[in-house]
Amino acid sequence: MQEKMRTYYSPCPVETTLNLIGNKWKLLIIHDLLLGKRRFGELKRSISTTKNQGISQKVLTQNLRELEDANLVARKVYAEVPPKVEYSLTELGQSLESVIDSLEQWGEYYKSSITMNRV
C-alpha cells in the first residue's frame with residue numbers, strides 16, 4: 001500500500017488530487033457512488049448511459065481497483081453463490097462530494113454560457 005500511495009502523492013495538492021481522480025471514469029464512478037452502494041453491473045450500466053460511449057468491463061475493473069487502493073472506494077464481497085459484490089465510497093471518498101458538486105455546477109455554467117453565446 002505504501003508504494004501505491006507514493007504514486008498518488010505529489011508536493012502539489014492539485015496534482016495529488018488529479019493523480020487520484022483525474023480521469024473521466026473515476027469521476028463518473030465517484031459521482032455514481034455518491035448516490036449509494038452499487039453492484040458492478042449497476043455501475044457499468046449507469047456509467048455507460050451517462051456517456052455516449054460505454055465503459056468496458058476491463059476499464060471499470062481497473063478504475064475500481066485503483067480507487068480501492070487509494071482508499072476512496074470500499075468493496076464488499078458477500079459469501080453467496082453466485083458471489084455478490086457491492087461498491088461504496090469510504091469516508092475519504094465521500095469527502096469528494098463538494099468537489100464533484102463544484103465540477104457539476106461549473107459544467108452547467110459552461111454549457112449555459114456557450115449556449116447563450118451561440119444565440
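Let's start with Glu-108, which is partly exposed at a relative accessible area of 46%. Please keep in mind throughout that this is a predicted model. Glu-108 has a partner: Lys-111 forms a salt bridge with it, and the closest N and O atoms are 3.4 Å apart. How far apart are these two along helix H7? They are 3 residues apart, so about one helical turn separates Lys-111 from Glu-108. Lys-111 also counts as partly exposed, with 49% relative accessibility.

While we are on this helix, have a look at Tyr-110, which is found in H7, residues 97-118. Tyr-110 is partly exposed too, and its relative accessible area is 43%. Together with Trp-106 and Tyr-109, Tyr-110 makes a nonpolar surface patch of about 400 Å².

Back to the charges for a moment. Side chains of opposite charge can pair when their charged atoms come close. How many salt bridges does the count come to?

Another is the pair Lys-84 and Glu-86, whose side chains meet in a salt bridge at 3.9 Å, N to O. Here the two partners fall on either side of the 20% cut-off for being buried. Lys-84 has 22% relative accessibility, so it counts as partly exposed. Glu-86 has a relative accessible area of 16%, so it is buried.

Two packed helices are described by the angle between their axes and the distance between the axes. Helix H3, residues 24-33, packs with H7 at an angle of about 110°, and their axes are 10 Å apart. H3 and H7 are therefore roughly perpendicular to each other. Which residues meet there? From H3 we have Leu-27, Ile-30 and His-31, and from H7 we have Ile-100, Leu-103 and Glu-104.

H3 packs with H5 as well, at an angle of about 70° and with the axes 10 Å apart. That angle makes H3 roughly perpendicular to H5. On the H3 side, the residues in contact are Trp-25, Lys-26, Ile-29 and Ile-30. They meet Val-59, Leu-60, Asn-63, Leu-64, Glu-66 and Leu-67 in H5.

Let me finish with the backbone. Most residues other than glycine have a negative phi, and most peptide bonds are trans.

Take Asn-71, which has a positive phi of about 65° although it is not a glycine. Asn-71 lies in the loop between helix H5, residues 57-69, and strand E2. With a relative accessible area of 38%, Asn-71 is partly exposed.

Then there is the peptide bond between Val-81 and Pro-82, which is cis, with omega at about -5°. Where does Pro-82 sit? Pro-82 is found in the loop between strand E2, residues 73-78, and strand E3, residues 84-89.

That's my tour, thanks everyone!

How values were computed: Residues numbered from 1 in each chain as written. Predicted model: local features only at pLDDT ≥ 70, side-chain atom pairs only at ≥ 80, totals over all residues. Heavy atoms only, no water. Patch = residues over 30% accessible without salt bridge, like charges linked within 9 Å, V, L, I, M, F, W, Y side chains within 5 Å. Areas by Shrake-Rupley, 256 points an atom, 1.4 Å probe, with all protein chains shown as cover. Salt bridge = Lys/Arg side-chain N within 4 Å of Asp/Glu carboxyl O. Helix = DSSP H or I, 4+ residues; strand = E, 2+ residues; numbered from the N terminus. Buried < 20%, exposed > 50% of the residue type's maximum accessible area, 1.4 Å probe, protein only. Axes fitted to C-alpha atoms, helices over the stretch in contact; angles between N-to-C directions. Parallel < 35°, antiparallel > 145°, perpendicular 65-115°, else oblique. Contact = heavy atoms within 4.5 Å.
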